[in-house]
Amino acid sequence: MLQSVLHAAGIQSARIEALWWVMFWVTTAVTLVVLALVVVAVRRGLAADAMDVTERSSLRRVAVGTVLTAVILLGLIGGSVITSRALASQRSADALMIEVTAYQWWWAVEYQHPEPEQRVRTANELHIPVGKTVAIKLLANDVIHSFWVPALHGKLDAIPGHEATLWLRADQAGVYRGQCAEYCGHQHAHMAFVVIAEPPDVFERWIQAQRQTAHAPATEQEQRGLHLVQRTACVMCHTIRGTAAGGRIAPDLTHFASRSTIGAGTRPRTREYLDQWIKDPQAIKPGNRMPTLGLSDADRSAIVAYLEQLR
Amino acid sequence: MSRAPVIELPLTDEMLSRQSRELARTWAPARGIIGFFSEVDHKRIGMRFILTALAFFVLGGVLAALMRLQLAFPENTLIGPDLYNQLFTMHGTTMMFLFAVPVMEGLGLYFTPLLVGARTIALPRLAAFGYWIFLAGGVFLYVSFLLNIGPDNGWFSYVPLAGPEFGPGKRADTWAQLITFTEVASLVGAIVTIVTIFKYRRPGMTLDRVPMFAWAELVTSFMIIFAMPAVMLASTTLILDRLVGTHFFNQAEGGDPILYQHLFWFFGHPEVYLIFLPAQGLMSTLIQAFSSRPIVGYVWLVTALVATAFMGFGLWVHHMFTVGLPQNGSSFFTAASMMIAIPSGVQIFCWIATMWTGRVRLEPPMLFALGYFVIFIIGGMTGIMVASVPVDLQLHDTYFVVAHLHYVLIGGAVFPLFGALYYWFPKMTGRMPNRRLGMISFWLLFIGFNLTFFPMHQLGMIGMPRRVYTYLPGLGWETLNLAATAGAITMAIGALTLTVNAVYALRRGEAAAANPWQASTLEWSTSSPPPPHNFSPERVIASRDPLWDDPPGQPIVVGVRSDKREVLVTRLLDAEPDHRYHSPEPSIWPFVTAMATTFMLIWSIFSPWALVWGSIPPAIAMIFWFWPRGRSIDDETHPPEKGRPQLEAATGPA
């Protein structure tokens, strides 16, 4: 799973990548030409064999170089403006609308729907259908963040009190990593997310599954886990739809086990890491807002068992 | 206006040397501990600026090395997020505000009067005040850092992260107040430089004969005067938001965090040129000296400096392309940002033409100048990429930008600076540095620099954001980060060899002649190091490169007292003698005023009342500073009935 500008998997990133390669080759050529001129100038200067050239004829050559510079720059400006317009043309009325709210240091995701109960809430992971334009509406809960999935598009800042929309379209199915790109404090380094682009039918199945309330615990241990979740501080911050947990300041856990990472991309979601995380949330990602709950080993493993069945 | 009359006076060598001895007594630096704090000699103030800024450069470099050690391996636990965030904030703040701008200012204070042939700088007490404020600000920042209240919001301190809600404690206040210190110091330095270049030039040095570095300092000083008020607004409103609960940037109360970004970058982009333009002047100086011919396209180079200065104010939005501003406006800033490459191109082409038609000598300073071409041109090209809105959407706030900015600032400013320090070292110290060590340090710095920063282009392209204290394995970032760390170590060794060379030269270096590089500008016409009064005799200038082109036996300026600190003030355009002026004596009061101001500024972090009560001590100190003392020397020497003072430019022995 790469996070590379040079592996465009969507139309917007492909447009930018194309412009980048044009600029790369043009500027590389210019650099080589100018450095070659420097080398020749130094060699001639060392040999001192061109001292009879008048200042006037030197300046004529400087003028030619300057005009050429201006022409090349005008070309690049043109390319840049054309690409900008193309990026803006991706707007579309029937796009899939996803509202992403940036928090210190995670991402809340809400799939929009005219009927409120059909909206889907998740965190740090976006599923999108391949080939369909997606509008990502960006909000910030606290400070400025920046939403960036290089494989799909450039970045856009999420600024408190401002609303911004990023229009993108994935053209290849895949898992694309993204990361906050505006310095946002203590754990800016660990504020990642993934975008999973999948065929429309797979996406449809996923969103239907996400619309369900939380999976009911089956085993006794899982039931004890739910009981503990509802009796401890968990409910103050997290939501698990279909249970008493309704906090809104931390990631929605309703379908927690359908996601691939914990701590906003800090660790893969395995039982061991989850157990470590709940035991001491500050160990893996120091400074994050989750408190240490002081649970016993048995309680913790019950909670882990419950969370791991929230598919 | 009529020219000052040239009077034939029989000046003998014996008269000149007697005058020279008297001048040295009159302009002798102040002595003792009180004298140390009262110093107004521009060479000493400039040297203090340079040495202090270099000390901060070393500190900033140590911070950078620590960051590189932390990033050498993924998930490294050497440095935690809290310290790391302070490190990169301190590094950026140090390098921009405590190293790059002050070191250029220091070079300006030291060399501008020598380049324009003056006895001293204008307003020397103000310059002394500027130095003390700068020193106090830097010490304040580092003491705060050691007390764990070092700023940690980046060198730009964006709100709301640095605002009252999300930036508790005093860390953001420390940053904002450091900005106040450096603003005051820079503005003061700018005024001193402008007045010196406009009014203190040697007769004959018309505006079109001013040396390139002095031109660069002049243009930079005007930029400072226009750019600093914006950041003053930004830092002051930030501290008001934090201290007394104004809501300039609180969007919940009708403020706007984007306003802060506009204010900051309206200063922040010209800031880059405050560092870059003096270095362009240094480049012209080095290329001319080591190509052994007058620079090609003097007028073009000056025009390019002025054009860069104007355009530099029209680019600030390219730091904000990801904010989501309207597209048409953004395209304008793309065009402006790319077009600023044109004046840079003109300068580069003129320098190439100078080398092409000159006689090149590959001394260490020239190597640093040639290093500029490689590094700065690459940095300029990546600058063109990030100037484009679509490309910047990908590259903004990634390591690509870290690579870009170090290529333009280290290549565009630090390499010319090191070249210039090497070039002027004999003039400043009277000792020649070791050529072989100079060559070695250049290559270590050049290779180390490229090894550190070139891989960062690739790191940014494959997705590594800036300002992260660590990263996960498996993203393809490991090798490149390790290479960068190895490069940083190489650079540190290069900087060490430079230091060793300087220390060695001071102790064992051979004595420097007045003009060891056979350069053309006036600072090389006086002894190395220059006497306290800089020049005697002062010969009238007849060309742009007086040491190469002036005919022997140019008239000598007489009629200015040598038993008092009297200077000749000339007219702005043609540098014709205008009047005599008594340059201030050493005084302790600029130092006292600076300390009182420091006290007020630091206190104001804790209480708004500091501005009320704390402004009384600086006011008192300034009253003493400006207290008139007895009969003014002007009354004495220029009785009112005589009208405009008569000045003579006399011929003397060749």
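Reader: At roughly what angle do the axes of helix 18 and helix 20 of chain B cross?

Author: In this predicted model, the axes of helix 18 (residues 589-603) and helix 20 (residues 616-625) of chain B cross at roughly 170° and come within 8 Å.

Reader: Why are helix 18 of chain B and helix 20 of chain B called roughly antiparallel?

Author: Angles over 145 degrees count as roughly antiparallel. The crossing angle here is roughly 170°, and the two helices are therefore roughly antiparallel to each other.

Reader: Which residues meet in helix 18 and helix 20 of chain B?

Author: From helix 18 of chain B they include Trp589(B), Val592(B), Phe599(B) and Met600(B), and from helix 20 of chain B they include Pro617(B), Ala621(B), Phe624(B) and Trp625(B). By class, the residues of this contact divide into 12 nonpolar, 2 polar and no charged.

Reader: What makes helix 2 of chain A roughly antiparallel to helix 10 of chain B?

Author: The axes of helix 2 (residues 55-88) of chain A and helix 10 (residues 327-339) of chain B cross at roughly 160° and come within 10 Å. The limit for the term is an angle over 145 degrees, so helix 2 of chain A is roughly antiparallel to helix 10 of chain B. The crossing of these two helices is right-handed.

Reader: Which residues make the contact of helix 2 of chain A with helix 10 of chain B?

Author: Among them are Leu73(A), Ile77(A), Val81(A) and Ala88(A) on helix 2 of chain A, with Gln327(B), Thr334(B) and Met338(B) on helix 10 of chain B. This contact holds 8 nonpolar, 5 polar and no charged residues.

Reader: How many residues of chain B are in contact with chain A?

Author: There are 67 residues of chain B in contact with 69 residues of chain A. Helix 11 of chain B gives the most to the side of chain B that touches chain A, with 11 residues. That side divides into 43 nonpolar, 20 polar and 4 charged residues.

Reader: Why do strand 3 and strand 8 of chain A stand at the edges of their sheet?

Author: The sheet is open, with 5 strands in the order 3-2-1-5-8 and mixed pairing. Strand 3 (120-123) and strand 8 (164-169) of chain A each have a single partner strand, so one side of each is left without a neighbour in the sheet.

Reader: How do you know that strand 2 and strand 3 of chain A pair?

Author: Pairing requires at least two bridges. Strand 2 (residues 106-111) and strand 3 of chain A have 4 bridges, in the antiparallel sense. In strand 3 of chain A, Ala123(A) is the bridge partner of Ala108(A).

Terms used
Residues numbered from 1 in each chain as written. Chains lettered and ligands numbered in written order. Predicted model: local features only at pLDDT ≥ 70, side-chain atom pairs only at ≥ 80, totals over all residues. Axes fitted to C-alpha atoms, helices over the stretch in contact; angles between N-to-C directions. Parallel < 35°, antiparallel > 145°, perpendicular 65-115°, else oblique. Left-handed = near helix turned anticlockwise from the far one by under 90°. Contact = placed C-beta atoms within 7 Å. Nonpolar A, V, L, I, M, F, W, Y, C, P; charged D, E, K, R; others polar.
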